[in-house]
Amino acid sequence: MLTKAAQLIQQGIEKKLHRGAQLCVSRQGEVIEQFAIGEAAPSQPLTDDSIALWMSSGKPVTAVAIMQLVEQGELGLDDPVAHYLPLFASHGKSYITVRHLLMHTAGIRTARFKFPQDDWDTIIAAICDSQPEWEAGEEGGYHTQTTWFLLGELIHLINGRTVDRYAREEVFLQLGMKNSWLGMPPETYRAYEQAGQLFDMPNTATGGFKPAPMTGFDWSTRPRPGGNCMGPIRELVRFYEMLLQGGERDGVRLLQPGTVAQMTSRQRADLHDHTFKQTIDWGFGLAINSAHHAPAAQGGEPAWHRIPYGYGPHASRETFGHGGAQSSIAFADPEHHLAVGLVFNGMPGEAKHQQRVNPVLEALYQDLGLA
C-alpha cells in the first residue's frame, strides 16, 4: 500500500544513508501497514521485531509518566522543581516549575556531564549546579537532555520507582509494549543481542557506516529519559494510538481525556526556539505541528520542510508527536485518525536526514490518499 514511501526508503539504502528502516501506520486504532526494509546490522535482516533506538522520539513516554503523577495529585504542573529537589534551587533556579520543563522554557539546556560515563546521581548534581540561560517562561529552546533527567528524578522522588522501572510497568506493559524499554536490563540486552534482534545506529554522515556513540551495552542499559527508549517502532505507534483515543487503549486507561487534551494542545505557541532556530509550538512534552510557522517560499506558500522534525506537508495542524536525532519520527494526526512511526538505522547529519524523512512523510499521505 505504501509504495512511494517504501521506494524512497529503498533509495536511501542505495545512497547509503541508512541500512534500513521500520515503518508502521495505524488508522482508527488498527494497523493498516507495517514493514521493515534492509538490514538491522551487517548481514542481519531487519524485521518488524527488531529493537530500534528511538532517540528523542521516546521523550513523550516520560511526559505521560509525569502527567500520571499530576492526575494522581502527587505533583503539580506549577510546583517548583526545587520543592522536591532542593539542590536544584542553586544559581537562582528556585522558581523553575514542572511546566517549564515540559514546555522547553526552563532555560537550562546545558550542564557538565557525560552519558553513559557518569552515574545518575552525578548527572542530577551537575544539572542542579547549572546556571539558567534566561528567565524561565520568557524564552524557549528545546532541551535535549537536562530537563528529562530532572523529570525522571521527580518520578523517582515522588513514586519511589526509578524512571526506567516506572516507564516499563506503568506505560509499556500497560499498553502491551512488551519489547519496549527506557534503558533495558543488562540480561535483556544480552538476550536481544544473542537473538540478532538489536537494530544498530551507524553514523552515515561522511560516507560508509561508522559506529555511533549512542549504541552498545552501556548506552542501552542505563536510563536516559530524553534519549534511549527503544523497541520495535510498531510498539511506539501503540503509544500514539492511546493518545489519539484520549488516554485509553484496549480497555486500559493511562490518562484521562482532559489530560491528553492538555498534553497535545498548544501550551507554548508562536515562540522562537533557540535550539531549532525556528518557531516551534509545544504541548507538554510533545511538538505540535508548526509547519505554518515556516518562512514563505517563492510563491508565498510556507516552506514546511524548513521546520525540523515536522510531520510533512499533509499532516493536519493539530498533529502532535516527536522526532529523534537524525533517525526517527512518531506522531498522531487527529484529523485523519492516523498514528505513524518511522525509524531509520543511519544518522546522515541533520540536513540529509530532513531531506530524507520529509519526502517519505509526504509520500506516505499520498499513498494513503490523504494528500
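In this predicted model, the sulfur of Cys 24 lies 17 Å from the closest cysteine sulfur, which belongs to Cys 229, and this is too far for a bond. A search of the whole structure accordingly returns zero disulfides, a disulfide being counted where two cysteine sulfur atoms are within 2.5 Å.

**Cysteines**
- Cys 24 has 0% relative accessibility and therefore counts as buried, the cut-off for that class being under 20%.
- Cys 128 is likewise classed as buried, since its relative accessible area is 1%.

**Helix α10**
- Helix α10 runs over residues 233-244, and the distance from the first C-alpha to the last of its twelve residues is 17 Å, close to the 16 Å expected at 1.5 Å a residue.
- Nine of the twelve residues of α10 are buried, so that the helix is mostly covered.
- After α10 comes Gly 246, which has a positive phi, near 70°.

**Enclosed space**
- The structure contains one cavity of 30 Å³ or more, and the volume of the largest cavity is about 50 Å³.
- The lining of the largest cavity includes Asn 289, Ser 290 and Ala 291, together with Trp 304, Ile 307, Gly 310, Tyr 311, Gly 312 and Asn 358.
- Sorted by class, the residues lining the largest cavity are four nonpolar and five polar, with no charged residues.

Methods. Residues are numbered from 1 along each chain as its sequence is written. This is a predicted model: local features need pLDDT of at least 70, side-chain atom pairs count only at pLDDT 80 or more; totals for chains, interfaces and linings use all residues. Side-chain values use heavy atoms; hydrogens and water are left out. On a 1 Å grid over the protein atoms alone, a cavity is a set of points where a 1.4 Å probe fits but cannot get out, and a pocket is an open set with protein on both sides within 12 Å along at least five of seven lines; lining residues have an atom within 4 Å of a point. Grid points are joined across faces, edges and corners, and a volume is the space filled by probe spheres set on the points. Ala, Val, Leu, Ile, Met, Phe, Trp, Tyr, Cys and Pro count as nonpolar, Asp, Glu, Lys and Arg as charged, and the others, Gly among them, as polar. Helices (H or I, at least four residues) and strands (E, at least two) are DSSP runs, numbered from the N terminus. The expected span of a helix is 1.5 Å times one less than its number of residues. Buried means under 20% relative accessible area, exposed over 50%, partly exposed in between (1.4 Å probe, protein chains only).
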